[in-house]
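Here is a short briefing for modelling work. Look over the sequence and the structure first, then read the notes grouped by topic.

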Amino acid sequence: MDEITQLPTIVLGDPIGDIRCLVPEVAQMIADGHKAFNHGGVAATMSNGVLTVLNKAELVALIVDVADIVKPDKNGLTIPAIPNPHFLGALFERLPGHLPEIKGFAPHPVWRDGDILQAGWHDGLLVSSEPIDVEAWTDPAAAYNWLLDEWLLDFPFHEEVDKANAIALACTMLVSPTHLAGEEGPPAFSITATRHNAGKTFLPTIIMEAIAGRCSTTTYPKGEELIKVLTTLVLAGKPYVIFDNLPRGWRVGDARLEHFVTATDYENRILGANKEINAPANVVVIVTGNQIEVTKDMRSRTLVVNLQPKADINLARRTYHHTDLRAFTRTNRGKILGALSAVLSAKAKGGLSGRFTAWNQVVAGPIVTLAQTDITEWWKDVGDDGEQSEYAEAMPGILAAIHAMPTPETVADINGNWFTAAEILEGKVIGDARKHSVHVYSAQSMTSFLRKEVGINYDGFALQTTFRSLGNRTNHKKRNLFKVEKLKVKTSAQK
């Protein structure tokens with residue numbers, strides 16, 4: 001027969017005396033039983049891997065869970081009682097100060113200093129996850145190659161940097177609650193595709209299945225709803241958010257999102273409560289869509305994964321190496337986590353400078369070493385995007401001039417040739433641009449100007465962009481490139 005645990009008894013008496021003497025005692029009982037936690041200055045409980053802000057009704061249940069509450073009756077005997085509103089109000093206000101403070105929270109395994117941490121308290125970090133048998137890897141390069149050649153091989157990554165950025169997303173998830181807590185970042189991730197069914201949603205889904213064992217997506221909120229969504233994410237201790245399936249050609253650039261991505265802590269008033277939350281803002285932000293573009297200051301805060309399947313492939317009927325990638329991921333979750341741990345443990349060759357200092361050191365450094373490609377390089381080519389330009393009258397002439405520019409290549413492309421911003425600056429394009437007060441005097445300002453006009457049909461011409469090397473023309477380094485395609489159907493400027 002199971003032994004019945006006797007709860008301590010709390011005898012209510014004088015209301016003022018109860019608040020002075022019993023409130024600290026009950027608060028300490030709740031803290032000692034790890035029934036609630038101090039999450040950014042508010043009391044919160046955890047259920048199914050989600051933090052929930054405690055309300056007064058739930059507080060009564062917590063009190064009953066840690067003590068027998070009684071009061072004396074007129075005959076001098078004790079009878080069961082419920083704390084009065086004044087007692088509950090005082091306890092509600094003072095409880096967070098007695099609770100263990102959560103310095104970080106993760107509903108999935110995390111990585112710290114070479115080890116995968118699973119369920120339990122780890123120096124103020126609360127990890128809630130089911131036990132997983134993590135497979136150890138001794139060779140970081142072999143682990144990196146296995147992740148791409150055996151796990152993610154079915155995705156049509158455009159270039160090596162896109163593969164590296166996908167691995168960076170998985171690694172960022174593992175270190176965001178540990179090494180990145182209280183630090184700027186992590187960066188956001190944009191997963192964009194040229195066609196439907198390329199896997200723009202499935203890729204982050206599979207990555208989250210491996211890290212967290214589950215995945216959820218949501219739509220991008222409109223207006224002030226974004227602030228409410230971000231506050232809810234921080235309150236619940238959510239490790240990521242996937243704003244899925246943005247409209248084709250959507251331009252991702254929002255000052256509130258830009259601030260959130262670079263913030264070390266997030267502070268905002270809790271909806272429906274006279275309290276504020278102040279907690280680490282280490283939520284990994286992911287956006288997906290077909291031919292979406294990161295604009296404004298989000299460009300220097302975002303890594304892009306481009307999925308570009310070949311044009312002659314029927315995506316609805318293509319064959320896959322993994323007939324059920326979800327099943328493969330769940331079966332091999334321990335092996336995947338071990339491989340990601342090995343990647344993060346790789347010794348980086350030299351440091352990376354710039355924004356997101358901690359992330360550069362912990363995530364970017366090892367991946368750049370293993371992938372032999374600098375996943376942060378395109379940030380260095382980012383200018384000040386500012387607001388979207390409106391030069392509809394000038395753009396047809398500018399694009400026609402770019403399209404007519406001679407190419408240094410031996411063979412010209414009938415669909416348009418790629419040029420750097422510097423080459424366009426040197427071409428016979430600027431005169432027409434400046435007639436319309438388009439002030440571009442450097443390659444950087446030209447890059448910023450042209451990126452605002454990508455994908456818009458101007459009298460049968462459309463500007464495209466990519467980020468790659470043109471060999472000697474770019475000193476064998478990757479640069480923002482532009483080309484103008486002459487469309488078959490000629491219409492007025494429209495998105």
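How are H7 and H8 oriented relative to each other: roughly parallel or roughly antiparallel? They are roughly parallel, because their axes cross at roughly 20 degrees and angles under 35 degrees count as roughly parallel. This is a predicted model.

**Helix pair H7 and H8**
- H7 covers residues 225-235 and H8 covers residues 255-262.
- Their axes come within 10 Å.
- The crossing of H7 past H8 is right-handed.
- On the H7 side, the contact uses Leu226, Ile227, Leu230 and Val234.
- On the H8 side, Arg256, Leu257 and Phe260 take part.
- Of the residues in this contact, six are nonpolar, one is charged and none is polar.

**Cysteines**
- The disulfide count is zero.
- Cysteine 171 is buried, at 0% relative accessible area.
- Cysteine 215 is partly exposed, at 25%.

**Backbone geometry**
- A cis peptide bond joins glycine 185 to proline 186, with omega near 10 degrees.
- Proline 186 sits in the loop between helix H5 (160-175) and strand E12 (188-193).
- Glutamine 372 is not a glycine, yet its phi is positive, at about 60 degrees.
- The loop between helix H11 (357-371) and helix H12 (395-404) holds glutamine 372.
- Glutamine 372 is exposed, with a relative accessible area of 63%.
- Asparagine 475 is a residue other than glycine with a positive phi, near 55 degrees.
- Asparagine 475 lies in the loop between E22 and strand E23 (478-486).
- The relative accessibility of asparagine 475 is 63%, so this residue counts as exposed.

**Glycine 114**
- Glycine 114 belongs to the loop between strand E8 (110-112) and strand E9 (115-117).
- Glycine 114 is partly exposed, with a relative accessible area of 34%.
- Beyond residues up to four places away in sequence, glycine 114 touches Ser341 and Ser345.
- Glycine 114 and serine 341 are 227 residues apart in sequence, but 6.7 Å apart in space, C-alpha to C-alpha.

**Threonine 466**
- Strand E22 (residues 461-469) contains threonine 466.
- Threonine 466 is buried, because its relative accessible area is 15% and buried means under 20%.
- Apart from neighbours within four places in sequence, threonine 466 contacts His158, Trp418, Arg479, Asn480 and Leu481.

Note on methods
Residues are numbered from 1 along each chain as its sequence is written. This is a predicted model: local features need pLDDT of at least 70, side-chain atom pairs count only at pLDDT 80 or more; totals for chains, interfaces and linings use all residues. Side-chain values use heavy atoms; hydrogens and water are left out. Axes are lines fitted to C-alpha atoms, for helices over the stretch in contact, and angles run from 0 to 180 degrees between N-to-C directions. Helices (H or I, at least four residues) and strands (E, at least two) are DSSP runs, numbered from the N terminus. Angles under 35 degrees count as roughly parallel, over 145 as roughly antiparallel, 65 to 115 as roughly perpendicular and the rest as oblique. A crossing is left-handed if the near helix is turned anticlockwise from the far one by less than a right angle, and right-handed if clockwise. Contact means heavy atoms within 4.5 Å. Ala, Val, Leu, Ile, Met, Phe, Trp, Tyr, Cys and Pro count as nonpolar, Asp, Glu, Lys and Arg as charged, and the others, Gly among them, as polar. A disulfide is a pair of cysteine sulfur atoms within 2.5 Å. Buried means under 20% relative accessible area, exposed over 50%, partly exposed in between (1.4 Å probe, protein chains only).
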